[in-house]
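Here are my notes on the side-chain contacts, as promised. Have the model open while you read.

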Amino acid sequence: MTRIRRRSAVALASIAGAMFPLLAACTQDASSTGGTESAAPGASSEQPTAEPAVNGVDANQYASSDPTGDAYGFVTPSGKWLCAIIPAKKLAGCASHPTAGPLGVPGTPQIASPDGGAPAEANLIAVEAGKEPNFQNWNQALFPGNANVLPYDTTLAIDGFSCNVQFSGVSCRDDATDKGFTVATSGYRFEFTPLPMSIPSAGPPPIAPTAAPLPQQARGSNQCGPVTYPETGKPATVVIVKGTLRCDEAHTMLTKYFTGRDKSEPEYSFDGWECRLAGDPESAQIGYTINCTDGNGNSVVAQP
């Protein structure tokens, strides 16, 4: 497993103002920028006491089904954001969904790429235990598998972190310090936005998660975010060239391809898929193109 690599960048000032209108695995190599650190005049040096989660959900219903990935994740009701609390990394963060590409939020910085390449727009906003919120670049999925939807005005809290979803944005924090972030399609703030306190006359009804709205591709191409070539450690862009395959299904298929194929053979068949290499994977320095097709008319390409 690789270690997370972070590179410091110029600290970012959070976007001031009211909340913005909202939209919406493993070990990753990462680069990050730190958030700004300031103290309000007359502020106490004592750590804030975390308030109990408002309208909390059962965290087990949002746990990853991947036995190797200790994570709790959710998709916002609009389908725009994928967020996760990862206890092993002591981190909570949000990424664009379903492509896992750049955040696409005004003010998002260009920061160092995790593989040492040219700076690129950050694809994750996060807060880590005891640290300032920051932007990061990851080259693998934030949450392994499919995440359930976290309903509006509810909170997912686990292992010292809390995340909630409101119509005005999605927000996560480190409970011990109350430091966090709020992000929406129109901007971000390095500040946690709590849910309004509510005291119902009776206990709230149980909230059941629903399946995330992952889009079906009717025709044309669809970029699904990167995977990593095991032989080179370089990222490859995944594109659904045609068919009705979902991005998460394309990534799952390529993961099986990487772990199951005979590296000496240019072709490999599995689970109804036929994948072929273009180039020499043993000598390529920047990766090689993979073309995969199945009997249902789906075609997927991973290319450097």
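**Notes on rings, charges and disulfides**

1. Let me begin with Lys80, which lies over the face of Trp81, at 4.9 Å from the ring centre. For a charge to sit over a ring here, NZ of Lys or CZ of Arg has to be within 6 Å of the ring centre and within 35 degrees of the ring normal. The charged end of Lys89 also has a ring under it, that of Trp138, with 6.0 Å to its centre.

2. Before going on, a word on what you are looking at: this is a predicted model, where local features need pLDDT of at least 70, side-chain atom pairs count only at pLDDT 80 or more, and totals for chains, interfaces and linings use all residues. Residues are numbered from 1 along each chain as its sequence is written, and side-chain values use heavy atoms, with hydrogens and water left out.

3. On aromatics, searching the whole structure turns up 7 pairs. Rings of Phe, Tyr and Trp (its six-membered ring) pair if their centres lie within 6.5 Å; planes under 30 degrees apart count as stacked, over 60 as edge-to-face and the rest as tilted. Have a look at the cluster that ring pairs make of Tyr257, Phe258, Tyr268 and Phe270.

4. Now the cysteines: there are 3 disulfides in the structure, a disulfide being a pair of cysteine sulfur atoms within 2.5 Å. One of them is Cys83 with Cys94, sulfur atoms 2.1 Å apart. The link of Cys83 and Cys94 is right-handed, with 105° about the S-S bond. This pair ties together distant parts of the chain, 11 residues apart: Cys83 belongs to strand E3 (residues 81-86) and Cys94 to strand E4 (residues 91-96). Strands (E, at least two residues) are DSSP runs, numbered from the N terminus.

5. The cut-offs are under 20% relative accessible area for buried, over 50% for exposed and partly exposed in between (1.4 Å probe, protein chains only).

6. Cys163 is joined to Cys172 by a disulfide, S to S 2.1 Å. The torsion about their S-S bond is about 115°, so this disulfide is right-handed. Both Cys163 and Cys172 are buried.

7. Finally, Cys275 and Cys292 form a disulfide with sulfur atoms 2.0 Å apart. Its torsion about the S-S bond is about 115°, so the disulfide of Cys275 and Cys292 is right-handed. Distant parts of the chain are linked here, 17 residues apart, with Cys275 in strand E19 (residues 273-278) and Cys292 in strand E20 (residues 289-294). Cys275 counts as buried at 0% relative accessibility, and Cys292 does at 1%.

Definitions and conventions. Helices (H or I, at least four residues) and strands (E, at least two) are DSSP runs, numbered from the N terminus.
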